[in-house]
Structure formats: C-alpha cells, structure tokens
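Subject: Structure for your files

Hello,

Here is the structure I said I would pass on. My notes on it follow below.

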Amino acid sequence: MTSSNPYNKADKHYLQLLSQSFPTIADAAKEIINLEAIMNLPKGTEHFLADIHGESEAFQHILKNASGNIKRKVNELFGNTIRESEKKELCTLIYYPEQKLELIKAQETDLNDWYRITIHQLVRVCRDVSSKYTRSKVRKSLPDDFSYIIEELLHERTDDQDKAAYVAVIVDTIISTGRADAFIEAICNVIQRLAIDQLHILGDIYDRGPGAHKIMETLRQYHSWDIQWGNHDILWMGASAGNNACICNVLRLSLRYANLATIEEYGINLVPLATFALEVYGDDPCEDFMPKLLRDNEMDEKTRQLTAKMHKAITIIQLKEEAKIFGRHPEWQMQDRCLFNNIDYKRGICTIDGKAYEMRSCNFPTIDPSNPNTFTEEEWQLMEKLHHSFRISEKLQKHIRTILSHGCMFAISNSNLLFHASIPLNDDGSLKEVEIYPGKKYCGKDLMHNIGMMIRAAFNSTTGPTDEYPRDYARDYFLYLWCGKDSPLFDKSKMATFERYFLKDKETYKEEKGNYFKLRDSEEVCDRILDAFEIKDKNRHIINGHVPVHASKGENPIKAGGKLMVIDGGFSEAYHNETGIAGYTLVYHSRGFQLVQHAPFTSARDAIVKGTDIKSTTQIVEMSAHRMLVADTDKGEELRAQITDLKELLYAYRHGIITEKRS
C-alpha cells in the first residue's frame with residue numbers, strides 16, 4: 001500500500017464499522033492472535049446421519065455415544081487400568097447420567113468414594129474431548145451452575161502436587177455440599193456436546209417410526225446442526241403449508257405403519273376420519289389396507305379393522321386430491337397418474353399403457369365412474385376438517401419452521417456435497433434441465449437452489465411483486481417434489497401407490513430409478529456433479545442417503561472410487577430385514593473419514609440397566625496424510641478472511657486513516 005489513502009469510500013466505511021468491534025490497535029492485534037491460534041487447532045468432528053425415519057431412541061443414543069466415539073476415548077484413556085465392566089458403566093453414565101445415577105445409588109455401598117473416583121474419571125474424559133477447542137468455545141458449552149468449577153478442573157494439572165490437592169478439595173466439596181449428582185449430570189452433558197462439533201442430517205426425519213416429534217424437540221435444543229430436506233420431510237412440510245395431497249399422504253403412511261404417535265402429538269384430530277371410514281367402509285374388510293405392525297406394536301382386532309378402514313378412506317381421498325393438482329399443472333405431465341379414470345368398474349379392470357390389469361378389489365362407494373376424481377360432499381367436508389387440523393397445529397408449525405431455518409436442498413461443507421437423494425441427469429450422465437415453473441428451467445446447483453426458493457415461497461404470508469414463485473403454485477409443488485419423475489427427492493419413473501393397493505399384477509409395482517441411481521458408481525459422473533457445484537478440492541465427495549444400502553447382500557456404501565458415500569443403512573425398523581443393519585453414521589474428524597455401521601438398537605432402558613450399547617462396526621473410508629486443522633476447513637477460509645480484514649484495520653490505524661477509539 002503505497003498511496004497516502006489506499007481505500008475507497010466503501011472500504012473505509014467497512015473499516016469504520018469493523019473499528020466499532022475492535023476500537024484500538026491492541027484490540028485488533030489481540031483478535032488476530034486469537035484467530036491465528038484457532039486456525040491451528042484440530043478440525044472439529046462432523047457427524048452425518050440420513051433417513052432417521054422417526055427412530056428417536058436410536059437417534060438420541062447415537063448422539064449420546066457420538067457413534068461410538070465416546071467409548072473409543074474411554075478405552076484409550078483408561079486402557080487396562082480399569083475393568084471392562086467399569087468402562088461400560090462409565091460410558092452408560094455419560095450417555096444417561098440421570099437414570100444411571102438412580103440405579104447406582106440404589107446399589108453402591110460407599111457412595112462418596114464412588115462419586116470421588118467417577119468425577120475424576122469424567123473430568124479426564126471431558127478434558128480429552130475438549131482438547132481440540134478454544135477455552136472460549138468450551139466455556140460457552142458449560143452450564144452456568146458449574147461453569148467455573150468445570151473450567152478449573154479441566155485446566156489444572158493433577159501431576160503437580162499443590163494443584164492435585166486443590167483439585168481434590170474441589171471434588172470433595174462438590175460431594176459434601178450434596179451437588180455431586182447435579183455436577184455429574186452437567187459434565188456428562190458437556191462430554192456429549194463436545195464429542196460432536198457439527199451434526200449434518202441428510203433428510204427424512206419423518207414417517208415410519210414413532211418419534212419424529214421427539215427427534216425435532218431434540219434438534220431444537222441441539223447446539224449445531226443442519227438438514228438437507230428429504231422427500232418425507234417435504235411431505236410433512238407440504239402438509240403444514242396446506243397441500244391437501246400431502247396431508248393425505250402423511251395420514252396414509254401413518255396408518256399404513258400403525259404409527260399415529262406423531263400425528264397425536266401434533267394434535268391432529270382423526271375422529272372425523274374414523275367416523276367417515278366406519279360409515280362408508282363399515283362392511284368392507286379392507287384386507288389390502290391392514291396396517292404393517294412393527295416392534296411389539298400389538299393391536300386388538302377391532303382397532304386393526306378400524307385402522308384399515310381409515311387407511312382405505314384416506315388413500316381414495318389422496319388419489320382424488322392428487323388428480324386435482326395434476327389437472328391444475330399439465331406442464332408436469334402427470335395426468336397419466338390419474339388412474340381412477342382408467343378403471344372399468346363393472347369388469348374390475350384397469351388399463352395402463354394399453355394393457356388391461358385385474359383389480360384386487362373394485363369396492364369404491366365414493367367414486368362416480370363417470371367423474372371418478374370428484375369428492376362426495378362427505379369427503380369434501382372431511383378434507384376441510386383435516387386441512388384445518390394440520391394448519392392450526394402449533395407444534396407441527398413450530399417444528400416445520402425449525403426445519404426451514406436449519407435446512408435447504410443441499411449444502412457444501414468442507415468440500416463435501418450433501419443432499420438427500422439425487423441430482424437429475426440425462427442418459428449420458430450430463431446434468432438434466434428441469435422446468436420447475438413455466439419458463440424457468442434449471443440444472444444442478446441452480447436447480448437445487450431454486451427449488452429451495454420455491455419451498456420457502458410456500459410459507460410466505462403474502463406474495464409480493466418481487467417474489468419469483470407464487471405461493472399457491474409453490475404449495476402445489478410439494479406434491480411434484482414427493483412423486484414427480486424429475487424431482488431430485490424422488491427421481492423415479494412413477495410412484496406406484498395406486499398399483500400396489502389395487503392391482504394384482506406385481507409387475508405394475510415396479511418404479512424404475514432415474515439416471516442418477518443408475519450412473520452414480522461412475523467417478524466421471526460424480527466429478528461432473530461436483531464440478532457443477534464448484535467444489536474444487538481434490539479430496540471432494542458426494543454424501544447422500546434416500547436409498548437403503550443392502551449391506552446383507554454385500555452392497556458397498558462407498559461408490560465411485562470413494563467419491564460418493566451413501567449413508568442410508570436403514571435406521572427404520574421397517575428396513576432392518578431388507579438391509580441387514582440399522583443405519584450408518586459417517587464421522588469426519590481431524591484424521592479423516594470413518595463409516596460406522598450400526599446393529600439394531602434395543603432400547604434406552606436396556607442401555608441403562610444392562611449397559612448394552614449399539615454394536616457398531618467402524619470402517620475407515622479415507623484417512624488424511626496429516627491431522628487436519630481448522631485452517632484446512634471452510635471455517636479456516638472464514639478466519640483467514642477475518643484476519644485479512646483485521647490487518648487492514650491495523651494498517652488504517654497506524655497510518656492515521658482511521659482514528660483509534662480509546663475510552
């Protein structure tokens with residue numbers, strides 16, 4: 001910088017704003033020193049999960065044990081100095097401190113001695129998991145009641161005799177004042193929090209399992225997370241926005257899996273649906289609509305019959321609602337999915353692509369064959385009530401706002417491209433242009449970005465002149481995202497809902513996967529996608545879920561020469577027999593990638609009482625030649641930019657361009 005004033009007006013204005021945060025040379029210099037030091041800390045640990053599907057207990061356990069990372073640290077720290085049973089007890093205490101303490105207090109004969117030993121052990125574990133963070137960051141994660149005490153214990157050396165006495169007094173005083181339980185709970189929660197620096201959820205929190213609402217409550221309080229929306233999340237988002245076809249699909253899936261816990265938690269009133277189903281389908285056995293019972297989900301015959309009737313009722317209404325939306329949007333080219341139009345109701349035959357197929361049943365008391373997609377008066381009234389119930393559910397709306405604020409269609413994190421399902425491709429592997437609104441065609445990154453804008457438009461209270469997408473169109477578009485051929489969240493030839501319920505020929509059930517799923521083993525195709533998203537690093541990857549990996553059949557979740565990682569291993573119990581496992585977690589720490597394969601989780605109670613953990617197998621995917629530092633990450637890029645700005649501010653102070661603001 002050779003000129004007397006090298007800054008233009010905008011630069012000087014920016015530096016003036018920066019000087020409000022760093023008013024003196026000393027302040028700016030101190031921050032530069034701090035940021036340079038942070039750059040040389042080890043990279044924080046990122047966890048990637050996909051397709052949780054309401055399995056709240058397994059999800060929460062994996063957060064608590066950090067995909068086995070806490071157990072690994074306990075083994076490394078204590079080695080052969082304590083018994084295996086003691087290490088297991090310590091791990092369970094860290095995962096479930098409140099519940100485990102109650103069991104221990106009922107069994108332990110010398111509780112004060114146990115407190116003393118355990119607190120020292122927990123401090124060692126906490127010191128280890130906090131070692132890659134600044135004191136400031138650790139301090140922010142500490143509970144107010146014990147912030148000072150934990151910080152003192154973490155940073156005092158017990159090999160110094162004087163300090164050892166000091167630490168011993170602190171621990172003894174915690175016990176003598178009756179605060180040992182509260183302290184143990186607090187430090188265990190700190191260990192859990194620091195073991196995972198950033199959580200990435202690659203879609204599908206909702207459907208199948210019973211605890212999506214519990215997962216959302218956990219996430220609302222979680223320290224750092226993001227989500228790339230999945231097709232099942234989009235379905236619930238569409239339902240909350242008032243898309244009636246999405247509302248019907250949500251209810252259909254909940255009834256199909258006899259899983260109404262989340263529906264009930266959100267206060268959705270199903271009495272009108274039950275009343276309607278009994279009136280219309282009271283004499284129909286509804287055999288093809290019997291719920292799929294998972295776990296130990298026992299259901300008496302009367303409830304099972306009612307569930308099947310409700311299931312059939314909402315399925316018929318869903319297909320009519322979908323036909324309405326497809327009719328409003330001929331540009332989607334989905335009118336061929338209005339299959340009630342193709343039925344010969346007298347013969348019990350449905351014609352698809354010129355071929356006649358026999359129906360399983362032709363009992364449709366609410367369908368007028370001359371106008372099959374028209375609602376009866378009773379169906380119309382029922383849909384109005386269900387729509388109202390979803391729209392006024394305060395808890396549902398709160399959870400969907402949380403997903404909106406933490407999510408998008410894709411994310412790029414440390415040279416990793418994250419999305420739930422696919423990127424639409426042409427037959428030759430090139431990026432496919434998709435029209436998402438009349439006259440608006442996009443591919444790759446632009447496609448994903450604009451779909452995200454469309455989704456947000458559906459939640460705008462009004463549509464202004466500068467909005468690209470009308471709210472009503474955006475609300476309808478949730479249905480296309482759920483089942484449209486070129487939807488990045490579906491990417492199949494069709495969704496065979498009608499065929500599976502109503503046709504005998506199983507050949508009609510086939511849903512041909514799109515080109516992304518056919519071509520994703522190709523390194524060239526993956527490179528083309530990564531290039532389109534402007535990810536240049538040589539160690540770049542695509543990470544997604546959506547399609548369960550059949551590990552039991554030898555399918556490898558690592559594809560395209562390591563450039564693609566598919567981490568849907570079947571969290572949901574509905575997939576356990578199909579995949580042979582119960583999900584994957586991808587862990588990206590300072591030494592590289594590890595893929596953790598999980599066996600089915602029994603229950604939190606078993607973990608607390610018996611000390612059982614999720615049995616996990618770790619596969620090293622890719623290890624770094626050197627330990628990665630914050631400087632090697634996206635955060636490092638941000639910090640470098642901040643350091644550059646601060647050095648500019650120092651120059652401006654020292655050359656009189658900006659005056660220090662001394663108090």
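The lining of the largest cavity divides into seven nonpolar, two polar and two charged residues. Here Ala, Val, Leu, Ile, Met, Phe, Trp, Tyr, Cys and Pro count as nonpolar, Asp, Glu, Lys and Arg as charged, and the others, Gly among them, as polar. The model is a predicted one, in which local features need pLDDT of at least 70, side-chain atom pairs count only at pLDDT 80 or more, and totals for chains, interfaces and linings use all residues. Residues are numbered from 1 along each chain as its sequence is written, and side-chain values use heavy atoms, with hydrogens and water left out.

Cavities and pockets

On a 1 Å grid over the protein atoms alone, a cavity is a set of points where a 1.4 Å probe fits but cannot get out, while a pocket is an open set with protein on both sides within 12 Å along at least five of seven lines; lining residues have an atom within 4 Å of a point. Grid points are joined across faces, edges and corners, and a volume is the space filled by probe spheres set on the points.

The count by this rule is three cavities of 30 Å³ or more. The largest cavity has a volume of about 100 Å³. Its lining is made up of Q318, L319, E322, F326, M334, R337, W482, C483, M495, T497 and F498. Two or more of the lining residues come from each of α17 (301–328), α21 (471–483) and α22 (497–502); helices (H or I, at least four residues) and strands (E, at least two) are DSSP runs, numbered from the N terminus. The most is given by α17, with four residues.

The second largest pocket has a volume of about 1,000 Å³. It is lined by 37 residues, of which Y133, K137, D197, V630 and K635 are the closest to its centre. The elements that give two or more residues to this lining are α2 (25–39), α8 (135–140), α11 (180–195), β2 (198–201), β8 (410–413) and α27 (634–654). By class, the lining of this pocket has 10 nonpolar, 13 polar and 14 charged residues.

Strands

Strand β8 also belongs to an open sheet of five strands, in the order β8-β9-β12-β14-β13 and with mixed pairing. Two strands pair if DSSP finds at least two bridges between them. The edge strands, each pairing on one side only, are β8 and β13 (558–559). Within the sheet, β9 (residues 416–419) and β12 (residues 541–544) run parallel and are joined by three bridges. L417 has I542 as its bridge partner in β12.

Elsewhere in the list of strands, β15 (residues 584–589) and β16 run antiparallel, joined by six bridges. A hairpin through two residues connects β15 to β16. T585 has V596 as its bridge partner in β16. Strand β16 (residues 592–598) is mostly covered, with six of its seven residues buried. Buried means under 20% relative accessible area, exposed over 50%, and partly exposed in between (1.4 Å probe, protein chains only).

Cysteines

C248 counts as buried because its relative accessibility is 0%. The sulfur of C408 is 18 Å from the closest cysteine sulfur, in C443, so the two are too far apart for a bond. C408 is partly exposed, with a relative accessible area of 26%.

Single residues

D207 is buried, at a relative accessible area of 4%. A560 is buried, with a relative accessible area of 4%.

A604 is in helix α26 (residues 604–609). Its relative accessibility is 16%, so A604 counts as buried. Not counting residues up to four places away in sequence, A604 touches E57 and Y96, contact meaning heavy atoms within 4.5 Å. From M334, A604 is 270 residues away in sequence and 45 Å away in space, C-alpha to C-alpha. M334 is one of the residues lining the largest cavity.

Regards

How values were computed:
A disulfide is a pair of cysteine sulfur atoms within 2.5 Å.
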